[in-house]
Amino acid sequence: MTLDPKIPPGPLETKWDRRRFTERLVSPGNKRRLNIIVVGTGLAGASAASTLGQLGYQVECFCSQDSPRRAHSIAAQGGINAAKNYQDDGDSVARLFYDTLKGGDFRSREANVYRLAQVSTQIIDQCVALGVPFAREYGGQLANRSFGGVQVARTFYCRGQTGQQLLLGAYSALCWQIERGQVTMRPRTEMLDLIVIDGHARGIVVRDLVTGRITAHMAQAVVLATGGYGNVYYRSTNASSCNVTATFRAWKHGAAFANPCFTQIHPTAIPPVDTHQAKLTLMSESLRNDGRLWVPIAPADRRLPEEIPLSERDYFLERRYPRFGNLVPRDVASRAVKAMCDEGRGVGPGGHGVYLDFADVIERQGLGVVQERYGNLFEMYQRITGEDAYRVPMRIYPAPHYTMGGLWVDYNLMSTIPGLFVIGEANFADHGANRLGASSLMQGLADGYFILPYTMGHYLASAPPSPSAEEQRASCAAVERVTGQVANLLRANGRRTAASFHREVGKILWDHCGMARSRTGLTGALEAIPALREEFWRDVAVPGSGEAFNQELEYAGRVADFLEFAELLCHDALHREESCGAHFREEYQTTDGEPQRDDDRFAHVAAWEYRRKESPVLHKEPLVFEFVQPTTRSYQ
Amino acid sequence: MKFTLKIWRQQGPHDAGRLVDYETEEVSPDMSFLEMLDGVNQRLILKGEDPVAFEHDCREGICGSCSLVINGVPHGPERGMATCQLYMRRFSGGDVITIEPWRARAFPIVKDLVVDRSALDRLMQAGGYISVNTGGAVDGNVLLIGKEQAETAMDAASCIGCGACVAACKNASATLFVAAKIAHLGTVPQGKPERARRVAAMMEAMDREGFGVCGNQYECEAVCPKRISTRFIAVLNREYLRAGLVEAGSPGKPDPLQAESD
């Protein structure tokens, strides 16, 4: 396996222009004859499918939900970054580039991140044209707010429902292309395999979730926009159907999986109340614009928050990181919260929580302002906890939220399998070891609207045609393979539910491959996971049949893949003997608990190759910094 | 707390359905309604029985997947929230809770509590968009949109497409759903050029898909998890009337730009 990132030469500012000019194009007449498969309809998938359809390709688009509008991008709350500099506060493409690169702890490609910052401004314009109702100032201009890890206000938002509005914008564009006949939409289908012919991705196998029918669909190229794998932890802020199956099964066909251990634990989620609860609800990072995090100075202080005087409170982020205060990046904030709880100063049941307090801003600016800014979040909090956060501080605790790792892609967003493109959270490309807030929406739409549609044309213009006889044979074999896998799940007829296995593997990962990792812990996890997997296949109980609507069967298939994928995650975490971004190895920290990065040994992308019945093989793509000198990432 | 559940079970769209009784195990008041159902299903699976099919995904009230009629009311007893945001502390131990699917001609049952809501997608495909190509959009600040106008558009745009409005309506009308989209896109200047065509196409699609007409009873607003206001139905009616006038003014010809922009 060779990893050629295909980064264009020349100055950073002109790399993308240069690539767009040197790319080969497909003529309009030929586009009509080319089919493209897009899997997933979140921000990346919906924007890609609609744009490819508009360009004239025949697009077949798949999603597992009953409607493309329900993809998990819908749940993103806070906002989307763009280097518009509307506030005239010193923002620029170069600064967004630098913030993102630094936020990712210098573990992403300069060229990719720069391009992301460049196209960010177009995204806002495009979304406005589609009718996205961004927040506005009284004079009619677009409003901005601030997010973690930056010192400018560059985040555009629609109340606390930015993901929803951006997705509905992309979905409406998709609706138009469906109406025009350019996109064929196939909801309630799940991709269960990739079809590779002569080394090129040529199609997928899907299961119709209503009838259970398993069919092959062929195309000249396949795009995966299937999101992240945060649900591998069982407990996460992800929607319950988020899974790793599509990317993981592509991995088994030879697509390298990059940096799987870079998983983002979000600092501000509502603490769980029950061991069976999988869903953790996020409280948007935007709350840290005005909310202050604190814990009592004394351990095991059981007084109510209002009974604790100011002098006995520790505003730990402001104390430890005076320059960024409560707006440090997510990984830094999560670790600090964990440290407080480990010291026994956590609050709420089990000491798993810290306060996020709005008393100061309410006093300074009035209740009305806070209600207008965060009303829906406070309401959400109240419904879940039964507490009124306007009167008592919120209690929050970190939760798995986003995954920076994903399938390896080159600058053109193509994986190591020619013809297989990966966009949005499903790829690994732009966020390095930690993603900054409001950057996932930016990346999803950048990939889908503005990058993939260009790079796809170049591939199609130069790809060899697929021999049809071979296609028939390969698709039949793939359908047979998948049918066998589904039957295996039903065969075990055991005594444990899929959820119980999911919970167990999630706990192993949370304990040993979560916010803090160590050689001992990871080695133990790598022994425990295969044993659990073996038990799964021996003892899982999946009711019903494969030829019908069967939600438990869908779920069991996803858990089966998580049980294998968890091992890959631990291999990657074990190999990376440094602390960077969200990856914190206990052996590599300074005396005051700050992470120690090792650029000499680990300034690379770790791309893993699948080997049948063997440990995965590591390939390294060196990260070369031509324009920015990696520095120690400090927010103090 | 323990509860008795009466849950609608139905194998497929053409099978007869019936209410089946289930007893829950001990349930904590801090559990969500859907977590309580998860518990019921885990036990059914272990007993080798068919778990209850129900739709859910984000579990934070935004994806619009969850869709249960609880004690006769879509999304249950609380106002302004989706089923997934309902917590068991709202009920008293020993309560008998009836759980049924959305019922509407346009929403055939897939299984148990899961219905097919693709008709709502087809309404959107008929006209719920602004037809602009990707690329070449003007700067976002070129269009000045007043704060109040933007807020109104956002109020309408916050619809999650769950279909509770249809389930609550005795005519199974999707008027509030269509009204929300018409009001959202008609309020912002970007949506003006296509407003006549949009409203005509979406209203026609609503008939085609088997949704009923609006009876002005406002059950839709009462159950809407996003509290979408029925005043948008007034906007829809006005837009529809206006579209008729615009079209009457220029038979067979594309609408002149003048007539389209208010």
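**Ground rules**

I number residues from 1 along each chain as its sequence is written, and chains are lettered from A in the order in which they are written. Because the model is predicted, local features need pLDDT of at least 70 and side-chain atom pairs count only at pLDDT 80 or more, while totals for chains, interfaces and linings use all residues.

**Entry 1: chain B overall**

I began with chain B. I found nine helices and seven strands there. Helices (H or I, at least four residues) and strands (E, at least two) are DSSP runs, numbered from the N terminus. Along the principal axes, the C-alpha atoms of chain B fill a box of roughly 65 × 40 × 35 Å.

Next I looked up burial. Of the 262 residues in chain B, 53% are buried. A residue is buried if 20 or more other C-beta atoms lie within 10 Å of its own, exposed if 12 or fewer, and partly exposed in between; the C-beta atoms are placed from the backbone.

Then I turned to contacts. Two residues are in contact if their C-beta atoms, placed from the backbone, lie within 7 Å. Among chain B contacts between residues at least 6 apart in sequence, 71% join residues at least 24 apart.

**Entry 2: domains of chain B**

Chain B is divided into domain 1 (4–111) and domain 2 (118–260). Domain bounds come from an automatic or database domain assignment. Taken over C-alpha atoms, the centres of these two domains of chain B are 31 Å apart. Their contact takes 18 residues from domain 1 and 16 residues from domain 2 of chain B. I sorted the domain 1 side by class: 11 nonpolar, five polar and two charged residues. Here Ala, Val, Leu, Ile, Met, Phe, Trp, Tyr, Cys and Pro count as nonpolar, Asp, Glu, Lys and Arg as charged, and the others, Gly among them, as polar.

**Entry 3: helix α6 of chain B**

I picked out α6(B), residues 195–208. The helix has 14 residues and reaches 20 Å from its first C-alpha to its last, close to the 20 Å expected at 1.5 Å a residue. The expected span is 1.5 Å times one less than the number of residues. I noted buried residues in α6(B), including Arg195(B), Arg198(B), Met202(B) and Met206(B). Gly210(B) follows the helix, with a positive phi near 90 degrees.

**Entry 4: Ser240(A)**

Where does Ser240(A) lie? I placed Ser240(A) in the loop between β9 (221–224) and α7 (245–251) of chain A. Why does it count as buried? Ser240(A) counts as buried because it has 22 C-beta neighbours inside 10 Å. Leaving out residues up to four places away in sequence, Ser240(A) touches Ala278(A), Lys279(A), His56(B), Asp57(B) and Arg59(B). Lys279(A) is 39 residues from Ser240(A) in sequence, and their C-alpha atoms are 7.3 Å apart.

**Entry 5: chain A against chain B**

I checked the contact between the chains. It takes 62 residues from chain A and 64 residues from chain B. Among the helices that each supply at least two residues of the chain A side are α3 (43–55) and α16 (551–575). The largest share of that side, nine residues, comes from α6(A). By class, the chain A side divides into 27 nonpolar, 23 polar and 12 charged residues.

**Entry 6: domains of chain A**

For chain A, the assignment gives domain 1 (267–400) and domain 2 (469–611). The contact takes six residues from domain 1 and five residues from domain 2 of chain A. Helix α9 (residues 330–342) of chain A gives the largest share of the domain 1 side, five residues.
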